[in-house]
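Colleague: I would like a close look at a single part of this model. Please take me through it step by step.

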Amino acid sequence: MVTQVPKSIDDCIFEARQACNDFMTPYRNADTTLVAFLNTALRVVYAIRPDAYIGNFSSGIIATQVMNTYVLTDLGKSPATPFPLDDKLFFYPVVLYIAARIELGDDEFTESARSAQLIAAFGQQMTGV
């Protein structure tokens, strides 16, 4: 029998770290930095897809929705802090955004345009283009 466990913000940070090969301690990027990237990603999702915060994706009216701002103490909780949007639609794009921001910091040492590719993938996932 298949069961589905909802994604958490810990999962989001973990998967972004894996995408950037930053999963071995000591980490190259601090958890506080990645939580800040998560907060920014959720606001970018709101700018592109405000419907992510209403209707079938979340309950309530958009004008009354409060944007959560996560802090370091929200990581590692038991039970885990749930991902605030529909994780079937918006989890992976947020992971891409966080990974892109990590790569943006690493780009000065590389010759690849991986950060730009990840941001483009985020945009494609959000707009369906």
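Which residues of α4 are buried?

Modeller: Keep in mind that this is a predicted model. The buried residues of α4 are Ser 115, Leu 118, Phe 122 and Met 126. Around the axis they cover an arc of only 75°, so they lie on the same side of α4. The spacing fits a general rule. An α-helix has 3.6 residues a turn, so residues three or four places apart point the same way.

Next, the length of the helix. Helix α4 takes in residues 114–127, which is 14 residues. At 1.5 Å a residue, α4 should span 20 Å. The end C-alpha atoms of α4 are 20 Å apart, so the two values agree.

Arg 17 has a relative accessible area of 3%. That is under the 20% cut-off, so Arg 17 counts as buried. Leaving out residues up to four places away in sequence, Arg 17 touches Asp 22, Phe 23, Tyr 27, Asn 29, Ala 30, Asp 31 and Leu 34.

Phe 23 sits in the loop between α1 (9–19) and α2 (31–48). With a relative accessible area of 38%, Phe 23 is partly exposed. Together with Phe 14 and Met 24, Phe 23 makes a nonpolar surface patch of about 330 Å².

Definitions and conventions:
Residues are numbered from 1 along each chain as its sequence is written. This is a predicted model: local features need pLDDT of at least 70, side-chain atom pairs count only at pLDDT 80 or more; totals for chains, interfaces and linings use all residues. Side-chain values use heavy atoms; hydrogens and water are left out. Patches are made of residues with over 30% relative accessible area and no salt bridge: like charges are joined within 9 Å, nonpolar side chains (Val, Leu, Ile, Met, Phe, Trp, Tyr) within 5 Å. Accessible areas come from the Shrake-Rupley method with a 1.4 Å probe; for residues, only the protein chains shown count as cover. A salt bridge is a side-chain nitrogen of Lys or Arg within 4 Å of a carboxyl oxygen of Asp or Glu. Helices (H or I, at least four residues) and strands (E, at least two) are DSSP runs, numbered from the N terminus. Buried means under 20% relative accessible area, exposed over 50%, partly exposed in between (1.4 Å probe, protein chains only). The expected span of a helix is 1.5 Å times one less than its number of residues. The arc is that of the directions from the helix axis to the C-beta atoms. Contact means heavy atoms within 4.5 Å.
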